[in-house]
Amino acid sequence: MTVLATAHSLMDPVYLFMTADLVVKGVMIGLAAMSLWSWAVILDKGVRFTTMNRRAEEFEKAVESGRSLEDVAAQAGPNPEDPLPRMLTAALTDWREARSKGALTDAQANLLIARIDRTLDSLIAHESRRIEDGLGLLSVVATSSPFIGLFGTVWGIMNAFSAIASAGNTNLTTVAPAIAEALFATAIGLFAAIPAYIAYNKFSIDAGKFTGRLESFADDLQAAVARRLGAPAAPRADYASREV
């Protein structure tokens, strides 16, 4: 094999993989699998967050349209899939159950507000766990891939030193293949880690924003109920001031 051909081959990922040591091959395969797994999570989360935010905006527009909250909840159905309609349905259900027993005393009104608060907090906690599902995998890939790649690099350099000792010289053609496969393992580790790191930070911010959106809507619902009961609670949105 000529030097030119060798230089060309050392830039070929397939050649580097096929000629790599078994340990380095295992590192490369593991990193490739981690990269594919993280990309599956990235694509899934991207679609989910886009869909959730679009549906939340549509629902908020429906609530702010001037229609009664009962009409909006009825349009969403008895068992809505999205979190905002579920929160509205849960709050209205607790309201109807309390009102069905007649006029409420101040103590009963406070208990109703507290019960709605617990219900909405439970829904928010459940939804937060659901939207954060998969982010742990991205964190693991982002933090571990460079070190796994570094292990492959160290092993490849050890092979390079072994080749030098066996050949009895430091000619570049002797050590170049081992060094190339070592650096290729590092490159794969970075290729897996960088997208996972960026996606983890982005989706963590998106999850926090969506959780804040749920908490704001919960506050608005509680303010609406408190206003209807005559409690001194100030709503934070136009639709919060309407009667439920």
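In which kind of crossing does α5 pass α6?

1. Right-handed: that is how α5 passes α6 (a crossing is right-handed if the near helix is turned clockwise from the far one by less than a right angle, left-handed if anticlockwise). A word on the basis: this is a predicted model, with pLDDT of at least 70 needed for local features and 80 or more for side-chain atom pairs, while totals for chains, interfaces and linings use all residues. Numbering runs from 1 along each chain as its sequence is written, and side-chain values use heavy atoms, without hydrogens and water.

2. On the geometry, α5 (residues 83–99) packs with α6 (residues 106–132) at about 160°, the axes being 10 Å apart. That makes the pair roughly antiparallel (angles over 145 degrees, on a scale from 0 to 180 between N-to-C directions).

3. The α5 side of this contact (heavy atoms within 4.5 Å) includes P83, M87, W95 and A98, and the α6 side includes L112, I116, L120 and I124. By class, the contact has 11 nonpolar, two polar and five charged residues.

4. Now α4 (residues 69–76): L69, V72 and A73 are buried there (under 20% relative accessible area, 1.4 Å probe, protein chains only). Seen down the axis of α4, these buried residues fall within an arc of 95°, so they line one face of the helix. They pack against α3 (22–63) and α5.

5. On the face of α4 turned away from the buried side sit A74 and Q75, both exposed (over 50% relative accessible area). After α4 comes G77, with a positive phi near 95°.

How values were computed. Helix = DSSP H or I, 4+ residues; strand = E, 2+ residues; numbered from the N terminus. Parallel < 35°, antiparallel > 145°, perpendicular 65-115°, else oblique. Nonpolar A, V, L, I, M, F, W, Y, C, P; charged D, E, K, R; others polar. Arc of directions from axis to C-beta.
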